[in-house]
Amino acid sequence: MGFGLPAAIGAKVAAPEKVVVDIDGDASFSMTAMELATAHQYNIGVKVLLFNNEFQGMVEQWQDLFYENRYSHTRMHNPDFVKLSESMGAKALRCTNLKELPAMMKEFLEYDGTRPIVMECLVSSEHVYPMVPAGKALHEQIVS
C-alpha cells in the first residue's frame, strides 16, 4: 500500500512522453498523497485515478472472508481529496455517478500533463479477486 503514486511519478520521470496513470484506492493514496506536491514542483504530469470507498479495501476483504466480519480500524475518514489535491497544485475532479463518468474520464485522459491531475471516483466497497490467502500457494487462490 502507498506504492502507486511514487511509482507513477518515477515512471513519468523515466518516460515523460508517455501517459502514466496511477490507479489507486483511498487508503493507499492517503499514505503518499503528499508526493503530489513533488510532482507539481517538478512539473511531472502524472495522472491519479482514485477509487474512494472509504475503506481499507484489502483489509476489509480479509476481515469479511476470514474473520467473520469483525472490522477493526478499516473504515476511512478521508479528507476532501479534491481540495487536498488542488492545495498541492494538482488539477482535481470528482466523479460521483456513472452518468458523469464518460465526460470526466475524457477530460482526465486528455489533460495536457503540465501538472498532476487527480480524478476521485466515489465507489462502493467490493471484493477483489483472485486473491491468495496468507500462507497459501498460488494454486490455492480464491477466485470468487
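Mentor: In this predicted model, residues 24 or more positions apart account for 69% of those contacts in the protein chain that have a separation of 6 or more. Buried residues make up 38% of the chain's 144 residues. The C-alpha trace spans about 45 × 30 × 25 Å along its principal axes, and the accessible surface comes to about 8600 Å², with 58% of it belonging to carbon and sulfur atoms.

The chain contains six helices and four strands. Read from the N terminus, the elements follow the pattern α-β-α-α-β-α-α-β-α-β.

The four strands form an open sheet with parallel pairing, and their order in the sheet is β1-β2-β4-β3. Its edges are β1 (21-25) and β3 (91-95), each of which pairs on one side only. From one strand to the next, the twist averages 15°.

Consider next the pairings made by β4. With β2, strand β4 (residues 117-122) pairs in the parallel sense over six bridges; within this pairing, phenylalanine 51 stands opposite cysteine 121 of β4. With β3, strand β4 again pairs in the parallel sense, over five bridges. Here lysine 91 has isoleucine 117 in β4 as its bridge partner.

Helix α6 (residues 101-110) lies across β1, β2, β3 and β4, and runs at about 160° to β3. Helix α1 (residues 4-14) lies across β1 and β2, and its direction is at about 180° to β1.

With a cut-off of 2.5 Å between cysteine sulfur atoms, the count of disulfides comes to zero. Cysteine 95 is in no disulfide, since its nearest cysteine sulfur, that of cysteine 121, is 4.8 Å away. Likewise, cysteine 121 is in no disulfide, and the nearest cysteine sulfur to it is that of cysteine 95, at 4.8 Å. Cysteine 95 has a relative accessible area of 4% and is therefore buried. Cysteine 121, at 6% relative accessibility, also counts as buried.

Asparagine 43 is found in the loop between α3 (35-41) and β2 (47-52). Its relative accessibility is 54%, so asparagine 43 counts as exposed. The phi of asparagine 43 is near 55°, a positive value in a residue other than glycine. Most residues other than glycine have a negative phi.

Asparagine 53 is found in the loop between β2 and α4 (57-66). Because its relative accessible area is 16%, asparagine 53 is buried. Leaving aside residues up to four places away in sequence, asparagine 53 touches Asp26, Val123, Ser124 and Ser125.

In summary, the part in question is an open, parallel sheet of four strands, with β1 and β3 at its edges and helix α6 lying across β1, β2, β3 and β4.

How values were computed. Residues numbered from 1 in each chain as written. Predicted model: local features only at pLDDT ≥ 70, side-chain atom pairs only at ≥ 80, totals over all residues. Heavy atoms only, no water. Helix = DSSP H or I, 4+ residues; strand = E, 2+ residues; numbered from the N terminus. Buried < 20%, exposed > 50% of the residue type's maximum accessible area, 1.4 Å probe, protein only. Pairing = 2+ DSSP bridges. Axes fitted to C-alpha atoms, helices over the stretch in contact; angles between N-to-C directions. Contact = heavy atoms within 4.5 Å. Areas by Shrake-Rupley, 256 points an atom, 1.4 Å probe, with all protein chains shown as cover.
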